[in-house]
Amino acid sequence: MNKLIFTIISIFLISSCHNDVFFDNPQPQSSKEFIDIPKNLIGDWISDGMQSKKELYISNDHIKIDNNKYTLDSNLILLKNMHGLFVNLKNDTLGWNCYNIKYNDSLLTVYSIIGIDMERPPNQFNGEIVKGAEKSFYDMAKYEYTFIDSNNILIHNIDLINLHRIFNYENTASFKRK
């Protein structure tokens with residue numbers, strides 16, 4: 001029972017101090033192979049969430065969601081991922097948003113960035129950093145980011161392993177073919 005209460009309080013505290021994360025370049029920076037929109041993604045999609053229905057239209061050269069149009073090679077960059085795609089959408093004033101997309105012919109699942117804990121000092125990401133005599137690979141990672149304002153962070157440098165760490169793999173948005 002105590003573990004359940006601790007878990008609920010931890011989730012609340014962690015989720016209450018997150019903010020929007022942007023990148024100054026499409027992610028991951030280590031991937032240089034831009035790709036075209038896969039043919040099996042082209043078409044109309046609708047979210048299957050209970051809260052609000054969102055529609056997504058994908059063509060061979062752009063994506064349209066919430067009346068925002070993102071055109072390939074200008075404000076839309078796709079990079080291959082081992083299990084799907086990294087979709088980078090450019091916000092003209094703040095930088096790039098990055099989403100991890102897994103898909104098949106009938107379902108598209110979108111994973112977004114968790115955010116950074118504002119209570120932690122600069123250059124540390126949300127998540128436990130192991131301290132002590134033994135160094136973990138988390139300790140060796142270097143992060144560079146600046147605060148755009150009180151709600152937004154711009155990341156200048158992040159490695160692929162830690163890029164995967166900041167995605168929220170539990171809370172997703174799913175779309176089905178329309």
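Buried means under 20% relative accessible area, exposed over 50%, and partly exposed in between (1.4 Å probe, protein chains only). This is a predicted model, in which local features need pLDDT of at least 70 and side-chain atom pairs count only at pLDDT 80 or more, while totals for chains, interfaces and linings use all residues. Residues are numbered from 1 along each chain as its sequence is written, and side-chain values use heavy atoms, with hydrogens and water left out.

**View A. The largest nonpolar core has 19 residues.** A nonpolar core is a set of buried Ala, Val, Leu, Ile, Met, Phe, Trp, Tyr and Cys residues joined through side-chain atoms within 4.5 Å. Ile37, Leu56, Ile58, Leu76 and Leu108 touch the most other members. Strands (DSSP runs of E, at least two residues, numbered from the N terminus) that give two or more residues include strand 3 (55-58) and strand 9 (107-113). Strand 7 gives the most, with three residues.

**View B. A salt bridge joins Asp66 and Lys54.** A salt bridge is a side-chain nitrogen of Lys or Arg within 4 Å of a carboxyl oxygen of Asp or Glu. Here the N to O distance is 3.3 Å. Asp66 lies in the loop between strand 4 and strand 5 and Lys54 in the loop between strand 2 and strand 3, so the pair ties together parts 12 residues apart in sequence.

**View C. Glu55 forms a salt bridge with Lys178.** Their closest N and O atoms are 2.7 Å apart. Glu55 lies in strand 3 and Lys178 in the segment after strand 12, so the pair ties together parts 123 residues apart in sequence. Glu55 is partly exposed at 44%, whereas Lys178 is exposed at 58%.

Terms used
Helix = DSSP H or I, 4+ residues; strand = E, 2+ residues; numbered from the N terminus.
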